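I opened the model to look up its confidence, its charged pairs and its nonpolar core. My entries follow.

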Amino acid sequence: MSGAQREKSRARQGKAFCALLLATSMFALLRPTPLHAQEAELRGEVSESAILSDQQRKARQLAMASQGQQPPAAQDNAPPRTYLPASAGAVPDNTDPNDATATGSVFDPPAATDDSAADNPTPPKPRRRPSATDQKAADQDKGKTAATSKKKKKNPAKATDPTTTGSANAADDNGDAVTDQDAANRRALTIDSVDRQKLDAGAERTAAIEGQKKKAEDDPFAAPGVKWGSFVIRPTIEQGLTATTNGDSSSAGTSALLSETALRFSAVSDWRENSATIDGYGLFRETLSGYQVHNAQGRIEGQLNVDLDNELRAIAKLGYEAVPESASSPDAIAGVSTQPLRQTIDGSLGVEKAVGKMQYTLTGAVSHDFYGDAKLSDGTSLSQKDQDNTLYTATLRTGYEISPALTPFTEIEVGRRIYDQRIDNEGFERSSTRLGARAGVQLDMGEKLSGEFSAGWLREAIDDKTLEPISGATVNADLKWSPERGTTIGLTGKTTVETTTTAGESGDILYSGRLTAERQIRANLTANAALGLDWRDYVGIDGHDRILSAETGLTWWLNRYAGLTTRLRTEKLTSNLPGRDYTANSIYLGVKVQR
């Protein structure tokens, strides 16, 4: 074969091999390859003669491999060609048969050992710093992993198991630790971990007001009150009609239909340390038909509690009252159209001190009574100035706290009553000196039972020696008992010295007792009842009065601000003195409005 033919044959073989190589290259591009294959470095440009020589060499190797012959060293019938690099820095192929890379091709990917990625691994991507919550979870997982490793080290059965090699155990321990660590890192370093971080309490989102569970009120129909400065005021107005068999509760009274209006209010402070309360009422009664009655009375009083240093507590009270003289009073004037108005201004200041279980209270009080003129039936007036007087008292209480719920005490009271007129219109010197002593017990069992009860003796000696001193036993009580929720039972008792300007009489002692009960039948329906007993013991004469009373009522609240109220009342006075007995029955129906 001539040289020209040989060249043509080589050219055809080269074209066929190039087509095969192109198809193989396309298939290799479509087939996934390792990461280092994408980073292979070419060592310069390769000439066409080198490509043709490489193709011929591979063809011969394939032919000899198919015949089972060992491929010899690289040879060719053609004279060897000198390697001429097409670019600076290119190097010839390694044709050494003893070299493992001699059979390689410039197109073969470099071995893993030649990959720069093996010596210089790709650095890991920076991770987000874990949140405090996720970091805590990762620390807990680390703790669990460490504890597991310690348990495995302490277990001799696993350490000496002949079926498990030390490398296997080490692999398990390390594998568990790595797995737990990776899991903890994945939990701590997720992108969403930032969203799971606990927000500041002030920045947390609050649920809608409509969705919040509202706490049930103890009394849903109680007056909400009106905010005024640092006080909460709860006013109440009640308007109704009273039908009675005795208009003025006297022995001469007859039936009447009365318009009755009652105004009441209470104010309570919302101070942080000290406290103050103000209470008041006003009652107005006017005849619509029947027996003529024109009655107006009221009272307002306030109390201030102040905590001082050295465990001292001060209690101050101040009040004013205006009440017309009752027709059943011992000093009531017969044959008048209007009884005199009695006005009272009173105040007190007390200081409490606790020393261990001992409790001491010193209270000073002042009360001044002054009377208006009585209007007679003929249109003239009668002065009552000779009844004006002022009472000064000082009381020392000493108690011993047996328990927080039980404190017995004793009281000593001294006082002086001074009349504005040293000698009254009848020529008697009415000023007197008071001395009393009491013993009792104070109870504090929370809502179940609270209050106090005392009994003792009181004596008020009049300066005029012709008048007998007013003296007698005293009983005072103020107790509240709640046998069950919604029911309150109260007991009040009071002993009062009533003075008089009647000639030859010293006065009397009035014992007043009242038992009350209130029951909340439903949230908007309340029932109440009361029983009363008064006993008046006259001094200087053999006389006494007994007054029995009973009352029951219902209040039905239409809503929180308005309700209907009704009550029935009966009262009966029995006396061994002439012209004092009477009986009065009445029924009341009205509307109550509160805020």
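**Confidence**

I began with pLDDT, the predictor's confidence in each residue, from 0 to 100. The protein chain averages 78, and 67% of the residues score at least 70. Over residues 97–107 the pLDDT is below 50, yet beyond near neighbours in sequence this stretch has 15 contacts in the model (contact: heavy atoms within 4.5 Å). The model is predicted: local features need pLDDT of at least 70, side-chain atom pairs count only at pLDDT 80 or more, and totals for chains, interfaces and linings use all residues. Residues are numbered from 1 along each chain as its sequence is written, and side-chain values use heavy atoms, with hydrogens and water left out.

**Salt bridges**

I took a salt bridge as a side-chain nitrogen of Lys or Arg within 4 Å of a carboxyl oxygen of Asp or Glu. The count comes to 28. I looked up Arg434 and found a salt bridge with Glu413, the closest N and O atoms being 3.3 Å apart. Arg434 lies in strand β14 and Glu413 in strand β13, so the pair ties together parts 21 residues apart in sequence (strands: DSSP E runs of at least two residues, numbered from the N terminus). Both Arg434 and Glu413 are buried (under 20% relative accessible area, 1.4 Å probe, protein chains only). Both also belong to a salt-bridge network, which includes Arg417 and Glu460.

**Core**

I then checked the largest nonpolar core: Leu458, Ile470, Val497, Ile509 and Val539. Such a core is a set of buried Ala, Val, Leu, Ile, Met, Phe, Trp, Tyr and Cys residues joined through side-chain atoms within 4.5 Å. Val497 touches Leu458 and Ile470, and also Arg417, Arg434, Glu460 and Asp508, not counting residues up to four places away in sequence.

Conventions:
Buried means under 20% relative accessible area, exposed over 50%, partly exposed in between (1.4 Å probe, protein chains only). Helices (H or I, at least four residues) and strands (E, at least two) are DSSP runs, numbered from the N terminus.
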